[in-house]
Amino acid sequence: MTISYLSNFVIRYGPSPIGWEGVPLNRICSQITYYGDEEFWRNNSKDCEIIYNRKEMGLFYIGRPLFYAFYAWIIFVLIRAIIKARFQKVKSPRNPDMEETFQAFTVLARQLRKATGGANRE
């Protein structure tokens with residue numbers, strides 16, 4: 001129920017690639033059917049509502065399985081990541097640049113201790 005309400009709202013008021021941006025129903029019907037202009041559909045508003053509701057339900061019935069497939073894919077990816085993190089021990093590769101930087105900081109710290117008269121830890 002919530003999904004259908006949300007999808008109907010997005011279709012009716014959403015941005016132009018996926019929705020109608022809240023344009024009046026008579027303009028939507030003139031674009032959907034290519035029959036009559038906005039004035040014609042303003043005079044035949046009941047037929048316009050029926051046509052629009054059928055079109056909306058058709059999009060909902062096509063979009064719902066796609067939404068569920070996307071949702072299932074997200075759950076699958078999350079479960080796979082959890083299992084991978086839980087059961088595989090990931091060894092981070094040693095980065096030679098980081099090791100060299102660490103050694104440089106160690107030498108600098110040792111020189112600083114010597115300069116300030118601190119104990120030598122060699």
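A: The lining of the largest pocket divides into ten nonpolar residues, two polar ones and one charged one. This is a predicted model, and the values here are computed from it.

The space in the largest pocket comes to about 290 Å³. Its lining has 13 residues, and the closest to the centre of the pocket are Ser7, Ile11, Leu59, Gly63 and Arg64. Two elements each give two or more residues to this lining: helix H1, which covers 2-13, and helix H4, which covers 45-87. H4 supplies the largest share, six residues.

The protein chain has five helices and zero strands, so read from the N terminus on, its elements run α-α-α-α-α. The C-alpha trace spans about 95 × 35 × 25 Å along its principal axes. The radius of gyration of the chain is 32 Å, whereas a compact globule of 122 residues would have one near 14 Å.

Buried residues make up 13% of the 122 residues in the chain. The chain exposes about 10500 Å², and carbon and sulfur atoms supply 62% of that area. Among the contacts with a separation of 6 or more, 23% are between residues 24 or more positions apart.

Terms used: Residues numbered from 1 in each chain as written. Predicted model: local features only at pLDDT ≥ 70, side-chain atom pairs only at ≥ 80, totals over all residues. Heavy atoms only, no water. 1 Å grid on protein atoms, 1.4 Å probe; cavity = no way out; pocket = protein on both sides within 12 Å on 5 of 7 lines; lining within 4 Å. Points joined across faces, edges and corners; volume = space filled by probe spheres on them. Helix = DSSP H or I, 4+ residues; strand = E, 2+ residues; numbered from the N terminus. Nonpolar A, V, L, I, M, F, W, Y, C, P; charged D, E, K, R; others polar. Rg over C-alpha atoms; globule rule 2.2 N^0.38 Å. Buried < 20%, exposed > 50% of the residue type's maximum accessible area, 1.4 Å probe, protein only. Contact = heavy atoms within 4.5 Å. Areas by Shrake-Rupley, 256 points an atom, 1.4 Å probe, with all protein chains shown as cover.
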